[in-house]
Amino acid sequence: MQKATAVRLIEEIHVNFRYTYKDMSPKDMQIMIARWYDCLKGYSDEEVEGAFRTALCRSSMPPTIADIIGTIERQERLKEPSDMALWAELKDAIEKIKKQVWDSRYGFVHLFEMKDTMNEPKDVYDDLREDIRSYIDFDSFCAFGAYTDEQLQFERARFLKAIPEIRQALRDKRTIEDTKSLISAGKGIQQLTGGK
């Protein structure tokens, strides 16, 4: 997001909620603009403006940074594939490595002996989404290549039970990382404005 967008959003809040920011000094307004910009600069103007409009239309209170980020995150979650779609992606990847590495002359042992020299299974694994890779490491992924359909059905149940927690843990991790960057940005704002 551009800094001019932060200014425009704050002006829009003031227009729609007359008493908001009415007693704010110019210095405080500059600090607030800097804070909005620092918190929202990781998002595109379109995302921020769309989330702002949504928050503005759904509340009788002025939108906050948290409202805007929350709306963007909910919209992003709606775009995420379902748990079943993730399972389908994993199963397709397993089928790819079955065809690539299973060799009846050497059997499954061949896969583990040769995995360091075989790029294709590693490439297939690396192409999986982060949430799937958080569920299964490369060695287990290779082992799945020898699973029967019955064993994969059992693994499917385990996957569908575990993946919601994994996805939430990854979201929490991203939130913590974002919070850390906001805290460091806040320290920078304090230094610029001479605050303590």
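Of the 196 residues in the chain, 34% are buried (under 20% relative accessible area, with exposed meaning over 50% and partly exposed in between, using a 1.4 Å probe on protein chains only). This is a predicted model, so to speak from a calculation: local features need pLDDT of at least 70, side-chain atom pairs count only at pLDDT 80 or more, and totals for chains, interfaces and linings use all residues. Residues are numbered from 1 along each chain as its sequence is written, and side-chain values use heavy atoms, with hydrogens and water left out.

**Overall fold**

- The chain has ten helices and zero strands (DSSP runs numbered from the N terminus: H or I of at least four residues for helices, E of at least two for strands).
- Along the sequence that reads α-α-α-α-α-α-α-α-α-α.
- Take the contacts (heavy atoms within 4.5 Å) with a separation of 6 or more: 72% of them join residues 24 or more positions apart.

- Helix α2 covers residues 26-40, and its 15 residues reach 21 Å from first C-alpha to last, close to the 21 Å expected at 1.5 Å a residue (the expected span is 1.5 Å times one less than the number of residues).
- Its buried residues are Met-32, Ile-33, Ala-34, Trp-36, Asp-38, Cys-39 and Leu-40.
- Helix α3, residues 45-58, has 14 residues and spans 20 Å between its end C-alpha atoms, close to the 20 Å expected.
- In α3 the buried set is Asp-45, Val-48, Gly-50, Ala-51, Phe-52, Ala-55 and Leu-56, and these residues pack against α1, α2 and α4.

**Buried polar and charged spots**

- Thr-5 sits in helix α1 (residues 3-16) and counts as buried because its relative accessible area is 2%.
- Leaving out residues up to four places away in sequence, Thr-5 touches Asp-45 and Glu-49.
- Asp-131 belongs to helix α8 (residues 130-135), and its 7% relative accessibility makes it buried too.
- Beyond its neighbours within four places in sequence, Asp-131 is in contact with Leu-86, Ile-163, Ile-166, Arg-167 and Leu-170.

**Cysteines**

- A search of the whole structure turns up zero disulfides (pairs of cysteine sulfur atoms within 2.5 Å).
- Cys-57 is exposed, at 69% relative accessibility, while Cys-142 is buried at 0%.
- Cys-39, in helix α2, is buried with a relative accessible area of 13%.
- Not counting residues up to four places away, Cys-39 touches Ile-65, Ile-69 and Leu-182.
- The C-alpha atoms of Cys-39 and Ile-69 are 8.7 Å apart, though the two are 30 residues apart along the chain.

**Largest pocket**

- The largest pocket has a volume of about 540 Å³ (an open set of points on a 1 Å grid over the protein atoms alone, where a 1.4 Å probe fits, with protein on both sides within 12 Å along at least five of seven lines; the volume is the space filled by probe spheres set on points joined across faces, edges and corners).
- It is lined by 20 residues, and Tyr-43, Ile-69, Glu-73, Arg-174 and Asp-178 are the closest to its centre (lining means an atom within 4 Å of a point).
- α2, α4 (65-79) and α10 (149-193) each supply at least two lining residues, with the largest share, ten residues, coming from α10.
- By type, the lining divides into five nonpolar, five polar and ten charged residues (Ala, Val, Leu, Ile, Met, Phe, Trp, Tyr, Cys and Pro are nonpolar; Asp, Glu, Lys and Arg are charged; the others, Gly among them, are polar).
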